[in-house]
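Here's a quick tour for anyone meeting this protein for the first time. Have a look at the sequence and the 3D view, then read on.

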Amino acid sequence: MFTGLITDVGTIDRVQQTDAGREFRIRTSYPALSAGESIAVGGACLTVREFGDGWCTVAAVLTTRGRTTLGDWEAGRRVNLERATQAHGRGCWRSSTSRTS
């Protein structure tokens with residue numbers, strides 16, 4: 001789940017064509033990413049494949065390419081980034097309880 005609040009602006013360093021779609025290496029200031037973590041890149045939910053200090057790679061499958069503008073993205077493009085909300089931390093969660101009596 002995403003809040004819609006952009007928390008970083010990354011820059012695409014590399015774009016690679018793959019059999020499944022396209023892979024993007026993105027410079028980001030996000031600390032402690034995890035393989036398999038979901039991040040929104042330009043509004044599209046993508047999965048972190050690899051990561052290091054100041055970068056991550058994400059992949060867009062052919063279906064995603066066909067339904068977004070990701071197919072047109074090239075190295076140098078700046079993209080809005082947002083990490084997925086986690087129930088135990090990031091995001092703006094407000095819980096409410098109701099009492100019945």
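Predicted model: local features only at pLDDT ≥ 70, side-chain atom pairs only at ≥ 80, totals over all residues.

## The overall layout

Of the 101 residues in the protein, 32% are buried. The protein exposes about 6,600 Å², and carbon and sulfur atoms supply 47% of that area.

The pLDDT averages 86 over the protein, and 85% of the residues score at least 70. Then there's the stretch at residues 90-101, where the pLDDT is below 50. Beyond near neighbours in sequence, that stretch has eleven contacts in the model.

## Strand β5 and its partners

Strand β5 covers residues 55-61, and it is largely enclosed by the rest of the structure because five of its seven residues are buried. It pairs with strand β2 (residues 21-27) in the antiparallel sense, over seven bridges. To find your way around that pairing, look for Arg 25, which stands opposite Thr 57 in β5.

β5 also pairs with β4, again in the antiparallel sense, this time over five bridges. Here Val 48 stands opposite Val 58 in β5. How many residues sit between β4 and β5 in their hairpin? Two residues do, and Gly 54 in the turn has a positive phi of about 90°.

## Leu 46, tucked into β4

Now pick out Leu 46, which lies in strand β4 (residues 44-52). Is Leu 46 buried or exposed? Its relative accessible area is 3%, and the cut-off for buried is under 20%, so Leu 46 counts as buried.

Leaving aside residues up to four places away in sequence, Leu 46 touches a whole list of others, including Glu 37, Ser 38, Ile 39 and Val 41. Val 58, Ala 59 and Ala 60 are also among the residues Leu 46 touches, as are Thr 64 and Leu 70. Take Ala 60: 14 residues separate it from Leu 46 in sequence, yet the two are 6.6 Å apart in space, C-alpha to C-alpha.

Over in strand β6 (residues 78-83) you'll find Arg 83. Its relative accessibility is 13%, so Arg 83 counts as buried too.

What does the side chain of Arg 83 make a polar contact with? The side chain of Glu 37, at 2.8 Å. Glu 37 has already come up, as one of the residues that Leu 46 touches. Also, a polar atom of the Arg 83 side chain lies 3.0 Å from the backbone oxygen of Pro 31.

Last stop: Ala 32, in the loop between β2 and β3 (38-41). Most residues other than glycine have a negative phi. Ala 32 has a positive phi of about 55° although it is not a glycine.

Where Leu 46 is buried, Ala 32 is exposed. The relative accessible area of Ala 32 is 67%, and exposed means over 50%, which is why it gets that label.

Conventions: Residues numbered from 1 in each chain as written. Heavy atoms only, no water. Helix = DSSP H or I, 4+ residues; strand = E, 2+ residues; numbered from the N terminus. Buried < 20%, exposed > 50% of the residue type's maximum accessible area, 1.4 Å probe, protein only. Polar contact = N/O pair within 3.5 Å; in protein donor to acceptor, adjacent residues only side chain to side chain. Contact = heavy atoms within 4.5 Å. Areas by Shrake-Rupley, 256 points an atom, 1.4 Å probe, with all protein chains shown as cover. Pairing = 2+ DSSP bridges. pLDDT = per-residue confidence, 0-100.
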